[in-house]
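Colleague: I am meeting this structure for the first time. Please take me through it in questions and answers.

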Amino acid sequence: MSDLIRVAVLGASGRMGAQTCAAVEAADGLQLVARLGRGDAPGAGTLAGADVAVDFTVPSVTEANVHALLDAGVHAVVGTTGWDDASRGRVTEHLGRVNAERAAAGLGGLGVLIAPNFGLSAVLAMTFAAKAARYFESAEVVELHHPNKVDAPSGTARHTAAAIARARAEAGLGPSPDATESGWEARGADVDGVRVHAVRLRGLVAHEEILFGNEGEQLVIRQDSFDRASFMPGVVLAVRSVGSRPGLTVGLEHVLDLS
Ligand SMILES: NC(=O)C1=CN([C@@H]2O[C@H](COP(=O)(O)OP(=O)(O)OC[C@H]3O[C@@H](n4cnc5c(N)ncnc54)[C@H](OP(=O)(O)O)[C@@H]3O)[C@@H](O)[C@H]2O)C=CC1
Ligand SMILES: O=C(O)C1=N[C@H](C(=O)O)C[C@H](O)C1
């Protein structure tokens with residue numbers, strides 16, 4: 001990539017897409033070259049020579065967008081939720097093929113950076129939660145969002161719960177104690193054995209509370225994103241970094257050196 005990074009935004013008229021366009025236009029060394037909407041399939045014709053594309057669309061299309069971006073030779077920064085092991089695996093496989101062809105042609109590898117959350121407070125909360133997880137018998141996650149959100153639980157809560165589950169397993173902890181025999185629908189979603197509760201409330205933007213309990217004590221880690229502007233430094237950092245991170249990176253914590 002040359003010094004100037006040309007950027008396309010997918011979902012450009014959405015809540016996050018619009019903020020991202022403005023942040024890219026305001027950032028040194030970045031140039032916004034394309035705004036893609038619902039009807040614009042990502043490809044050479046619509047991407048306008050972009051080096052990096054940022055996807056803030058919907059869970060049902062984000063994976064297809066990333067494959068199209070890789071076919072077009074464009075690095076991808078993805079904030080859209082809805083990813084799982086299978087979809088991430090397909091992207092890793094595609095990256096392997098594309099980057100082998102690029103290496104044979106003397107080109108650098110493409111990168112895909114999927115970040116469930118670009119907010120510093122959220123990334124730190126997830127990191128602290130992963131560190132704390134091994135020390136507590138009980139762990140649950142509560143995520144709270146604006147009522148226009150289409151998916152539940154949030155991508156951030158899934159990422160948080162998965163990290164807690166990994167840390168618990170590595171420490172040899174079993175399931176959190178829970179005597180529930182009926183009314184399981186009131187106990188939230190099960191993400192890798194960790195209970196995750198989703199609140200949708202007018203007035204909220206994006207918030208998460210991670211609760212840990214032991215006999216006689218509690219630790220609560222809470223983060224609040226009051227304004228979508230708080231995601232933009234992370235988005236710009238990801239755009240600047242993805243070209244030097246060939247392959248798949250999941251989570252901004254790796255770019256921030258927190259992992
Ligand atoms: N990683 C992070 O830090 C954050 C991630 N997010 C995630 O980003 C995603 C977008 O959130 P948000 O901006 O609030 O959502 P919006 O609904 O505001 O925006 C979604 C955008 O996707 C477009 N879109 C809808 N359907 C399609 C389709 N079939 N094909 C192509 N484009 C489509 C919409 O176009 P149209 O306007 O035409 O409907 C719209 O521009 C969500 O998954 C959300 O969870 C959100 C905040 C932070
Ligand atoms: O839809 C949102 O708003 C958000 N989505 C992401 C998620 O699902 O984790 C990130 C943040 O919570 C805002």
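Modeller: UniProt positions are given in the numbering used here, feature names are shortened, and annotations may be inferred rather than shown by experiment. This is a predicted model: local features need pLDDT of at least 70, side-chain atom pairs count only at pLDDT 80 or more, and totals for chains, interfaces and linings use all residues. Residues are numbered from 1 along each chain as its sequence is written, while chains are lettered from A and ligands numbered from 1 in the order in which they are written.

Colleague: How many helices and strands does the chain have?

Modeller: Helices (H or I, at least four residues) and strands (E, at least two) are DSSP runs, numbered from the N terminus. On that basis, the chain has 7 helices and 11 strands.

Colleague: Which domains does the domain assignment give, and what distance separates their centres?

Modeller: Domain bounds come from an automatic or database domain assignment. The assignment gives domain 1 (5–114 + 229–250) and domain 2 (120–226). Taken over C-alpha atoms, the separation of the centres of domain 1 and domain 2 is 28 Å.

Colleague: How many residues of domain 1 are in contact with domain 2, and how do they divide by class?

Modeller: Two residues are in contact if their C-beta atoms, placed from the backbone, lie within 7 Å. Here 7 residues of domain 1 are in contact with 6 residues of domain 2. Ala, Val, Leu, Ile, Met, Phe, Trp, Tyr, Cys and Pro count as nonpolar, Asp, Glu, Lys and Arg as charged, and the others, Gly among them, as polar. On the side of domain 1 that touches domain 2, the division is 3 nonpolar, 4 polar and no charged.

Colleague: Of the 23 residues around ligand 1, which come nearest?

Modeller: A residue is near a molecule or strand if its C-beta atom, placed from the backbone, lies within 6 Å of it. Of the 23 residues around ligand 1, those that come nearest are G11, G14, M16, R38 and G79.

Colleague: Which element gives the largest share of the shell around ligand 1?

Modeller: The elements that give two or more residues to this shell are α1 (15–26) and α3 (59–71). By class, the shell has 9 nonpolar, 12 polar and 2 charged residues. The largest share, 3 residues, comes from α1.

Colleague: Is R38 buried or exposed?

Modeller: R38 sits in the loop between β2 (30–36) and α2 (44–47), and the UniProt annotation "binding site" (unreviewed entry) covers R38. A residue is buried if 20 or more other C-beta atoms lie within 10 Å of its own, exposed if 12 or fewer, and partly exposed in between, with C-beta atoms placed from the backbone. Because R38 has 12 C-beta neighbours inside 10 Å, R38 counts as exposed.

Colleague: Which residues surround ligand 2?

Modeller: By class, this shell has 2 nonpolar, 6 polar and 1 charged residues. Ligand 2 is surrounded by T81, P116, N117, H145, K149, S154, G155, T156 and A206.

Colleague: Which residues does UniProt list for "binding site" together with H146, and is T156 buried or exposed?

Modeller: In the unreviewed entry, UniProt lists H146, G155 and T156 for "binding site". G155 lies in helix α6 (residues 155–170) and is partly exposed, because 19 other C-beta atoms lie within 10 Å. T156 also has its place in helix α6. T156 has 25 C-beta neighbours inside 10 Å and therefore counts as buried.

Colleague: Which residues does T156 touch, apart from those up to four places away in sequence?

Modeller: With neighbours within four places in sequence left aside, G155 is in contact with T81 and P116. On the corresponding count, T156 touches P116, N117, A122, E143 and E208.

Colleague: How far apart in space are V9 and D55?

Modeller: V9 has its place in strand β1 (residues 5–10) and is buried, because 32 other C-beta atoms lie within 10 Å. V9 and D55 are 46 residues apart in sequence, whereas in space, C-alpha to C-alpha, their separation is 6.2 Å.

Colleague: Which residues does a cis peptide bond join?

Modeller: Most peptide bonds are trans. P153 is placed in the loop between β6 (138–145) and α6. The cis bond, with omega about -10°, joins A152 and P153.
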